[in-house]
Amino acid sequence: MRRRARFASALPFLVFAFTTLDAQSTHPESHRPAWLQQYREPSARLIGEALGSTFAWDRLAVLTDTIGHRLSGSPALDRAIQWALAEMTRDGLENVRAEKVMVPKWVRGQESAEIVEPAHHTMTMLGLGDSVGTKSEGVQGEVLVVNSFEELDARSASARGRIVLFNVPFTTYGETVRFRSAGPSRAARHGAIAALVRAVGPAGLRTPHTGALQYSSDAPKIPAAAVSTEDADRLERMVARSGKVVVRLKMEAHFDGDVESANVVGEIRGREFPDEIVVVGGHLDSWDVGAGATDDGGGCVVTWEALRLMKKLNLRPRRTVRVVLFTNEENGGRGGQAYRDEHRAELSNHVMMLESDGGVFRPLGVGFTGSDAARDTVKAIATLLSGIAADQVSAGGGGADIGPSVQEAHIPAMSLDVDGSKYFLIHHTPADTIDKIDPVEMAKCAATVAVMAYVIADLPQRLAR
Ligand SMILES: [Zn+2]
């Protein structure tokens, strides 16, 4: 994309260059070094086994229907951990274990938001994760609507004693999520008594999106909630028309201290270099709405599938493949930090880490961060996935859970890349349920992770740093 913009004036050259590149990337010899040949047959078997059943989807259905959503510190997350340990053992994985992690326990409780003046409307809302609650009668105040942080700063005097609504339409997640994470403290700095944030996602059907806020230490902690795009726009219209609009927000949200949780780990030990490790994984915790199917039950199941498929097909690579289902990604990141701390001594032996946390829709390939030499190897492996059209290797692999380890030890990092067009519609909402996930697309995701993990773990020479 960046390259396209930079050379936009040289269009004829560009067309030629891309055509040439395309021709090269699909040329049978260019990305097909001699060592690749031996992986054709096992890759085809992994893909065939993954696509031959709906095992992954069925497993995710059990997790999301029978256990449900899995907020850190909830009994459901504990059940999910126990279930995953038992299922991994049943799959025949090795060294299946729970690695203890202390996690914060945030409890939502009852909550509501309503417009009380000039007309009564119940709003569709979700308190933001980690928010403080209100006193029991709630907090009530006049609404100030702003469309940017600059507008908030400019209208500072009007924010005092008010409930500030950030009504900023979704563009990209990175652009828009800052109003959710930083908005409440920015409003509090100007004397606001509560904050509302337009749901961070494309317009849905009155769907609020929760997600964590980050209080800064230089502002009072005020309660904060997401409201649906429809309710945000209604508030803006009403304020524009009549000036004074009063809202009441009630939230029981609070912290119950830290409680014990765990990362779930299983392995296929390497046949030649068992101390060298390829890690794949996702996060088992979720928000407390919906069922955490796309975020990130699906990521857990497709990475776990990579090992189950190898086991089923009796494929034991030279190096160890380890699946890690991390805890507490959503509101703390403690699982990823605990993994780094627990495995510090062997991080230099981590050959590659892959995270799937962008949904399990139609796979495009992988994102990869590593050296040029490693990227060439990954591109060659990706050609084994051309049959399921998952052979792209894009820039920027990684993930929130593998991040602490990857950064500390400069480990080559990968993410599963999928068609993301539906992801933010359901992200952190009551609509994150398994019906949004297609069994065949999910099986292809599992196949993509399985082929990448297997071949990288089995390469005659360790993936370059
Ligand atoms: Zn996630």
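Q: Which spacing do the donors of the zinc ion follow along the chain?
A: This is a predicted model, in which local features need pLDDT of at least 70, side-chain atom pairs count only at pLDDT 80 or more, and totals for chains, interfaces and linings use all residues. Residues are numbered from 1 along each chain as its sequence is written, and side-chain values use heavy atoms, with hydrogens and water left out. Donors are N, O and S atoms within 2.8 Å of the metal (3.2 Å for Na, K and Ca); water is not among the atoms, so sites may look incomplete. Along the chain, the donors of the zinc ion follow the spacing H-x11-D-x61-D.

Q: Which residues coordinate the zinc ion?
A: The coordinating atoms lie at 1.9 to 2.6 Å.

Q: Is the arrangement of the 4 donor atoms around the zinc ion tetrahedral or irregular?
A: Four donors count as tetrahedral if all angles lie between 85 and 135 degrees; four count as square planar and six as octahedral if opposite donors are over 155 degrees apart and all others between 65 and 115; anything else is irregular. Around the zinc ion the angles run from 53 to 144 degrees, so the arrangement is irregular.

Q: Are His283 and Asp295 buried or exposed?
A: Buried means under 20% relative accessible area, exposed over 50%, and partly exposed in between (1.4 Å probe, protein chains only). By this rule, both His283 and Asp295 are buried.

Q: How many salt bridges are there?
A: Side chains of opposite charge can pair when their charged atoms come close. A salt bridge is a side-chain nitrogen of Lys or Arg within 4 Å of a carboxyl oxygen of Asp or Glu. By this rule the count is 35.

Q: How many residues apart in sequence are the parts that Arg162 and Glu142 tie together?
A: Arg162 forms a salt bridge with Glu142, and their closest N and O atoms are 3.6 Å apart. Helices (H or I, at least four residues) and strands (E, at least two) are DSSP runs, numbered from the N terminus. Arg162 lies in the loop between helix 7 (156-159) and strand 6 (163-166), and Glu142 in strand 5 (residues 139-146), so the parts tied together are 20 residues apart.

Q: What is the relative accessibility of Asp258?
A: Asp258 forms a salt bridge with Arg334, the closest N and O atoms being 3.2 Å apart. Asp258 counts as partly exposed, because its relative accessibility is 44%.
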